[in-house]
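Here are my notes on the model, point by point. Please read them with the structure open.

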Amino acid sequence: MRKILFAILILVVVGIGLLHVFTPGYMIFYHDMFRRLSYFPIVLGAIWFGVWGGLLLAVMSSIAF
């Protein structure tokens, strides 16, 4: 079950990163919203999987952006 939750969080990070990449640059509001949405998987990863889960999702989120 934990692996499935972690995989879902990774997919959320990748999805938010793809939304950020494919949104035109002039839509600044959406870029701001996607940046703030990326905090949720990081926080959930830290709560559910500890420091290393949050750190790994933060690094993946940075790579996605």
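**Notes on the helix packing**

1. Start with α1 and helix α2 (residues 28-37). They pack at an angle of about 165°, and their axes lie 10 Å apart. Axes here are lines fitted to C-alpha atoms, for helices over the stretch in contact, and angles run from 0 to 180 degrees between N-to-C directions. α1 is therefore roughly antiparallel to α2. The cut-offs are under 35 degrees for roughly parallel, over 145 for roughly antiparallel, 65 to 115 for roughly perpendicular, and oblique for the rest. The α1 and α2 crossing is left-handed. Left-handed means that the near helix is turned anticlockwise from the far one by less than a right angle; clockwise gives right-handed.

2. Which residues make this contact? I16, L19 and H20 come from α1, and H31, F34 and L37 from α2. Contact means heavy atoms within 4.5 Å. By class, the contact of α1 with α2 has 4 nonpolar, 2 polar and no charged residues. Ala, Val, Leu, Ile, Met, Phe, Trp, Tyr, Cys and Pro count as nonpolar, Asp, Glu, Lys and Arg as charged, and the others, Gly among them, as polar.

3. On provenance: the model is predicted, local features need pLDDT of at least 70, side-chain atom pairs count only at pLDDT 80 or more, and totals for chains, interfaces and linings use all residues. Residues are numbered from 1 along each chain as its sequence is written, and side-chain values use heavy atoms, with hydrogens and water left out.

4. The overall layout is brief. The protein chain has 3 helices and 0 strands, in the order α-α-α from the N terminus. Helices (H or I, at least four residues) and strands (E, at least two) are DSSP runs, numbered from the N terminus. The C-alpha atoms fill a box of roughly 40 × 15 × 15 Å along the principal axes.

5. Helix α1 (residues 2-22) also meets α3. Their axes come within 10 Å and cross at roughly 30°. α1 and α3 are therefore roughly parallel to each other. This crossing is right-handed. The α1 side includes L5, F6, L9 and I16, and the α3 side includes W48, F49, G53 and M60. The residues of this contact divide into 16 nonpolar, 4 polar and 1 charged.

6. What is the angle between α2 and α3? They pack at about 0°, with axes 4 Å apart. That makes α2 roughly parallel to α3. R35, R36 and L37 of α2 touch Y39, F40 and P41 of α3. The contact of α2 with α3 has 4 nonpolar, no polar and 2 charged residues.

7. Look at G53, in helix α3 (residues 39-64). Is G53 buried or exposed? Its relative accessibility is 5%, so G53 counts as buried. Buried means under 20% relative accessible area, exposed over 50%, and partly exposed in between (1.4 Å probe, protein chains only). G53 touches F6, G45 and A46, leaving aside residues up to four places away in sequence. T23 is 30 residues from G53 in sequence, and 28 Å away, C-alpha to C-alpha.

8. V43 is also found in helix α3. V43 has 47% relative accessibility, so it counts as partly exposed.

9. Finally, the totals. Buried residues make up 26% of the 65 residues in the protein chain. Among contacts between residues at least 6 apart in sequence, 58% join residues at least 24 apart.
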